[in-house]
Amino acid sequence: MEKTPAIKIKNGTRYFYRFTVNQRIQHVILAWSVVTLVLTGMPLKFPDTSWAPYLYSLFGGIHAAPVIHKVFGAILLALFVYHIVYLVYVIYKYQVLPLKQKERLTTGKVLKLIANQPLVPNLKDAKDIRDLMKYLLYMTRKRPDGAKYTWKEKFDYWAPFWGMVIIGLSGLVMWNKELATMIFPGELINFSLIAHSDEALLAALFLFIWHWYNAHFSEAVFPMGTAFITGYLPEALMVEEHYEDYVEIMTKAGLADEILPPHGMHAVASEEGGQA
Amino acid sequence: MKRAGQVFRKNLNFIIVLICVLLFAFASSVFAADIGNCLLCHKYPGISRVDENGDLKLFYVNEDIFNNSVHAKVNCEGCHTDIKKVPHDPAKKVDCLIECHIMEPSTEKKFSHKDADFFLANSVHSKKEKDGNPKKFAEDMPTCKDCHDNPLYRPLSFFKKVRYGVSEASLGRCRVCHKKDEFIYRFYNHVTTRLHKSRNPLNIAEVCARCHNDPEIVARHNLSTKAVYSYGETFHGKAARFLDERIPDCLDCHVRQGESVHQMMSHEDPLSSTYKDNRSNICTNMDCHPSASPKFATYSVHAEFNKTQSPVQYYFTFFFIVLTGGTLLPLMGIIFLDCIRRLFPHAVIKRRK
């Protein structure tokens, strides 16, 4: 049997494979370093608050905390570089090469391939946002049928992506300020500080409010989503968030008969059935 | 029995150490400068008076604290020269520029703070313009006591320790030649206090903040920044807030190396350390950023989130504020709606046909 089957059954519940071990390790390193960076960075952004000195002391105060911050900053930057290499390698090996063997490669075809990557935002995302708003405002009972990665997850991916570029570059400038000002004027350090700390606040709030709500604290997942550890998502959440992908996987696995109705429709179906 | 003996010996050691510690703790009171017996009254914590303006004035002198201060060797009458008898009439304010009875050992002249006043009169904090005419708002300019109180000794420790304070091990070496412990303590304290600042960077900034963060004074003198506020926005200022001793404070940049802080100049004065062309010398100081290029000093140390003072940085910051609000508010709105939606998962507003 395959080590990581697309569908796994445990305690009578179907689980759907979503994240490879490599991806999960990348995520844990990302999460770990981001939390450490926030904890060692925020006291410096808000030094006048009552909690700042205590939190900072926890990391060794003004002498040690900046060192820890730089170490984890370097880990995060290394991870970012690794991720880019990983991304290019995976797309090249599993998508571009097979295409090359099948037919002649053109720039247009490669661009199309990149545009069709599951994490690239597309028109369906806009449609899904519109449909979600309809659902949230009680205009429909039906949640949008999410693809493998929904717009929320794309947001979760691209926001830190952009954040890491901004925060990473500005952090490197402040870390190597003497070197940076050999070329650029000293005011670059001013702009780096603003960009670094303001973008970091945005990133921290974004992750700790939006990402944690969707992945852990929402009523459907509470108290904690486990897919980031196990790599598998339970059927109920697949139905709720990734219905399109769910139907596809189920059909592929020859379980088309056992596909559950979309989220919220189950009750409606039985209600209507009762009336008939 | 053997065990009991051991315990007693252990305790004996402890008692001896305790006695030594207590002796050192009380050692300071040996150096009292109270020749006029002023503490007869002023040792009482409640001693106070309501003055003509209705303000309550406290006259309590904590002997222990005073004896650990830099003025411990000066008698009360050394500064309070108008007091000749006890009990005395209301005392005049102390004039820091008087010659006190202490001899300055290198010149063998009576000691005075007059030099500081001379430096101050020629600095940016002078009450007079360069042409000798009084400045506008001369009363805002600081005098001695606006920046100074009676600081405590803050000795550095040198003897294989990183702890601050008097190093007993170092004192042992002093005792080889110097016999009087009072002399040893005072000299050790005096010299090691003067080897660094008697205040940490945060305290120095707080002193300057009294005027330089006062919006009225800043406006009255057309200063471009609330200097200590903008310092606090930099890494230097933030580190100072976390009690870093090694971070530069106001004086490290605004005073030329090797000169008295009282000789501070305006940044428009070519002699000033903060004059445009001199600035890079501050930053590239061997102790700070020796590898930095002159461009490094074009960093705006006192930039504020202020449209007129630093417009580019203002709009740059503004962009991030808008980005943060624009991202988070809609997402938080969705979270809010989602929380409520989950309470009524099957509810739907039906349109009338």
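**Backbone details, then the contact**

Tutor: Start with A:N11, which counts as exposed because it has 5 C-beta neighbours inside 10 Å. Keep in mind that this is a predicted model.

Student: Where is A:N11?

Tutor: A:N11 is in the loop of chain A between β1 (7–10) and β2 (13–17). Its phi is positive, about 50°, although A:N11 is not a glycine. Most residues other than glycine have a negative phi.

Student: What about A:Y138, what is its phi?

Tutor: Positive as well: A:Y138 is not a glycine, yet its phi is about 65°. A:Y138 sits in the loop between α5 (123–136) and α6 of chain A.

Student: And how exposed is A:Y138?

Tutor: Partly exposed, since 15 other C-beta atoms lie within 10 Å of A:Y138. The cut-off for exposed is 12 or fewer, and for buried it is 20 or more.

Student: Which peptide bond in chain A is cis?

Tutor: The one from A:F222 to A:P223, with omega near 5°. A:P223 belongs to the loop between α8 and α9 (227–230) of chain A. In chain B, the bond from B:V86 to B:P87 is cis, with omega near -10°. B:P87 is in the loop between α4 (76–79) and β3 (103–104) of chain B.

Student: OK, changing topic. How many residues does each chain put into the contact?

Tutor: Chain A gives 35 residues and chain B gives 37 residues. On the chain A side, α2 (52–58), α3 (61–102), α7 (177–183) and α8 (187–217) each supply at least two residues.

Student: Which of them gives the largest share?

Tutor: α8(A), with 14 residues of the side of chain A that touches chain B. By class, that side of chain A has 21 nonpolar, 7 polar and 7 charged residues.

Student: What does α8(A) pack on in chain B?

Tutor: Helix α15 of chain B, residues 311–343. The axes of α8(A) and α15(B) are 10 Å apart, at an angle of about 0°. The two helices are therefore roughly parallel to each other.

Student: Which residues meet there?

Tutor: From α8(A), they include A:N190, A:F191, A:I194, A:L202, A:F206 and A:Y213. From α15(B), they include B:Q313, B:F316, B:F320, B:L328 and B:I335.

Student: How does that helix pair divide by class?

Tutor: The contact of α8(A) with α15(B) has 16 nonpolar, 5 polar and 2 charged residues.

Student: Back to A:F206. What does A:F206 touch?

Tutor: Leaving out residues up to four places away in sequence, A:F206 touches A:A159 and A:H211 in chain A, and B:T327 and B:L328 in chain B. A:F206 also belongs to the largest nonpolar core, which has 14 residues.

Student: Which members of that core touch the most other members?

Tutor: A:V34, A:L37, A:L76, A:I167, A:A203, A:F206 and A:L207. The elements giving two or more residues to this core are α1 (21–45), α3, α6 (151–175) and α8 of chain A. α8(A) gives the most, with 6 residues. There is also a second, separate core of 13 residues, which includes A:A180, A:I189, A:L193 and B:V301.

Student: So that second core includes residues of which chains?

Tutor: Among its members are A:I189 of chain A and B:V301 of chain B.

Student: Zooming out, how many helices and strands does chain A have?

Tutor: Chain A has 12 helices and 3 strands, and chain B has 15 helices and 4 strands. The C-alpha trace of chain A spans about 75 × 55 × 40 Å along its principal axes.

Student: Last topic, confidence. What does the model score?

Tutor: The ipTM is 0.91 and the pTM is 0.85. Chain B averages a pLDDT of 86, and 89% of its residues score at least 70.

Student: Where in chain B is the pLDDT below 50?

Tutor: Over residues 23–32. Beyond near neighbours in sequence, that stretch of chain B has 12 contacts in the model.

How values were computed:
Residues are numbered from 1 along each chain as its sequence is written. Chains are lettered from A and ligands numbered from 1 in the order in which they are written. This is a predicted model: local features need pLDDT of at least 70, side-chain atom pairs count only at pLDDT 80 or more; totals for chains, interfaces and linings use all residues. Two residues are in contact if their C-beta atoms, placed from the backbone, lie within 7 Å. Ala, Val, Leu, Ile, Met, Phe, Trp, Tyr, Cys and Pro count as nonpolar, Asp, Glu, Lys and Arg as charged, and the others, Gly among them, as polar. Axes are lines fitted to C-alpha atoms, for helices over the stretch in contact, and angles run from 0 to 180 degrees between N-to-C directions. Angles under 35 degrees count as roughly parallel, over 145 as roughly antiparallel, 65 to 115 as roughly perpendicular and the rest as oblique. A nonpolar core is a set of buried Ala, Val, Leu, Ile, Met, Phe, Trp, Tyr and Cys residues joined through C-beta atoms within 7 Å. pLDDT is the predictor's confidence in each residue, from 0 to 100.
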